[in-house]
Amino acid sequence: MGTAISLDLADDLPAEALHELAERTFDWMREVDARFSTYRDDSEVCRLDRGELRLAEASDDLRAVLERCADLWTATDGFFDAYATGRLDPSGYVKGWAAQVASDRLLAAGAPNHCVNAGGDVRVRGHAADGEPWRIGVRHPWDPTATCLVLAGTDLAVATSGVYERGHHVVDPRRGTPAVGLRSVTVVGPDLGEADAYATAAVAMGTPTGITWLDHLPSPWQHAAITDQSHLFHSRTLPRHPSR
């Protein structure tokens with residue numbers, strides 16, 4: 001899906017077991033890429049978009065993702081739209097969803113302490129190898145070598161959507177033009193797929209609408225948003241690391 005995937009397994013398990021868990025995780029991510037990538041002409045998403053594949057013939061995963069995207073369209077008042085660019089592109093949900101599924105599978109397989117990072121969308125559970133809560137750095141939107149926030153926790157889904165890497169690629173579906181106003185949005189909660197979609201929707205809304213919408217998300221959802229003018233807004237209960 002045009003992004004890098006990393007995995008940190010912190011459980012004290014035999015090397016063979018850790019290797020197998022890692023291979024299963026990356027096999028899953030490769031499966032997701034083959035099915036959902038908009039960069040691959042032979043993916044299910046591209047074939048469905050071109051009309052070469054009927055929805056009834058699609059995989060269970062693809063149908064489930066599209067159903068969830070429809071739900072998220074309603075939940076975000078249409079600002080999360082898998083068709084915002086004029087073609088089918090559920091990437092704003094799929095990347096987080098894939099990492100969430102990977103984390104769920106690791107937990108079920110007896111590896112409760114891990115970090116799955118899918119291009120900056122991060123799912124952590126348990127503790128890091130040093131026994132401390134995981135620390136998740138949020139990239140500074142103007143300096144790729146720095147972080148603007150460091151979060152900490154033992155059970156967090158952290159998704160960030162921004163315009164600092166690929167430019168204004170998030171489209172405001174109501175206007176059909178690139179969204180402006182918010183440079184970066186980070187959403188923290190219990191599910192990485194939803195967090196990914198919420199962050200994308202808020203960027204699409206721009207400011208002040210996106211910030212107001214984020215402020216009204218129910219607990220336990222939390223957020224941090226940085227405007228084009230470098231102003232930072234965040235939830236009072238955002239799990240920030242004491243050092244940042």
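**Helix packing, cores and backbone details**

Biologist: Arg54, buried or exposed?
Modeller: Arg54 is exposed, with a relative accessible area of 56%. Bear in mind that this is a predicted model.

Biologist: Where does Arg54 lie?
Modeller: In the loop between α2 (44-49) and α3 (60-75).

Biologist: How many Å separate the C-alpha atoms of Arg54 and Glu44?
Modeller: The separation is 9.9 Å, for two residues that are ten apart along the chain.

Biologist: Now Leu182. Buried or exposed?
Modeller: Leu182 has a relative accessible area of 1%. The cut-off for buried is under 20%, so Leu182 is buried.

Biologist: Which strand is Leu182 found in?
Modeller: Leu182 belongs to strand β9, which covers residues 182-189.

Biologist: And what does Leu182 touch, not counting residues up to four places away in sequence?
Modeller: Leu182 touches Val163, then Ala202, Val203, Gly206, Thr207, Gly210 and Ile211, and also Ala225, Ile226, Thr227 and Asp228.

Biologist: How far apart are Leu182 and Arg40 in space, C-alpha to C-alpha?
Modeller: They are 30 Å apart in space, and 142 residues apart in sequence.

Biologist: Let's switch to helices. At what angle do the axes of α1 and α4 cross?
Modeller: Helix α1 (residues 15-36) and helix α4 (residues 91-108) cross at roughly 155 degrees, and their axes come within 10 Å. That angle is over 145 degrees, so α1 is roughly antiparallel to α4. The crossing in which α1 passes α4 is right-handed.

Biologist: Which residues in α1 and α4 meet?
Modeller: From α1 they are Leu21, Thr25, Trp28, Met29, Val32 and Phe36. They meet Val94, Trp97, Ala98, Ala99, Val101, Ala102, Arg105 and Leu106 in α4. By class, the residues of this contact are twelve nonpolar, one polar and one charged.

Biologist: What about α3 and α4, what angle do they pack at?
Modeller: About 120 degrees, with the axes 10 Å apart. The range for roughly perpendicular ends at 115 degrees and roughly antiparallel needs over 145, so α3 and α4 are oblique to each other. Their crossing is right-handed.

Biologist: Which residues in α3 and α4 meet there?
Modeller: Asp61, Val65, Arg68, Cys69 and Leu72 in α3 meet Tyr93, Val94 and Trp97 in α4. Six of the residues in the contact of α3 with α4 are nonpolar, none is polar and two are charged.

Biologist: That leaves α1 and α3. What angle do they pack at?
Modeller: About 70 degrees, and the axes of α1 and α3 are 11 Å apart. The angle makes α1 roughly perpendicular to α3. Trp28, Glu31, Arg35 and Phe36 of α1 make the contact with Asp61, Leu62 and Val65 of α3. The contact of α1 with α3 has four nonpolar, no polar and three charged residues.

Biologist: On to the core. Which residues of the largest nonpolar core touch the most other members?
Modeller: Trp28, Phe36, Tyr93, Trp97, Val185, Val187 and Leu214, out of 55 residues. Helix α5 (residues 192-205) gives the most to this core, with ten residues.

Biologist: Backbone next. Which residue does a cis peptide bond join to Pro208?
Modeller: Thr207, with omega at about 5 degrees. Pro208 is in the loop between α5 and α6 (209-215). A cis peptide bond also joins Ser219 and Pro220, with omega at about 10 degrees. Pro220 sits in the loop between α6 and β10 (222-227).

Biologist: What positive phi does Asp77 have?
Modeller: About 60 degrees, although Asp77 is not a glycine. Asp77 is in the loop between α3 and α4. Its relative accessibility is 53%, so Asp77 counts as exposed.

Biologist: And Ser230, what is its phi?
Modeller: Ser230 is not a glycine either, and its phi is positive at about 75 degrees. Ser230 is placed in the loop between β10 and β11 (232-234). At 48% relative accessibility, Ser230 counts as partly exposed.

Notes:
Residues are numbered from 1 along each chain as its sequence is written. This is a predicted model: local features need pLDDT of at least 70, side-chain atom pairs count only at pLDDT 80 or more; totals for chains, interfaces and linings use all residues. Side-chain values use heavy atoms; hydrogens and water are left out. Axes are lines fitted to C-alpha atoms, for helices over the stretch in contact, and angles run from 0 to 180 degrees between N-to-C directions. Helices (H or I, at least four residues) and strands (E, at least two) are DSSP runs, numbered from the N terminus. Angles under 35 degrees count as roughly parallel, over 145 as roughly antiparallel, 65 to 115 as roughly perpendicular and the rest as oblique. A crossing is left-handed if the near helix is turned anticlockwise from the far one by less than a right angle, and right-handed if clockwise. Contact means heavy atoms within 4.5 Å. Ala, Val, Leu, Ile, Met, Phe, Trp, Tyr, Cys and Pro count as nonpolar, Asp, Glu, Lys and Arg as charged, and the others, Gly among them, as polar. A nonpolar core is a set of buried Ala, Val, Leu, Ile, Met, Phe, Trp, Tyr and Cys residues joined through side-chain atoms within 4.5 Å. Buried means under 20% relative accessible area, exposed over 50%, partly exposed in between (1.4 Å probe, protein chains only).
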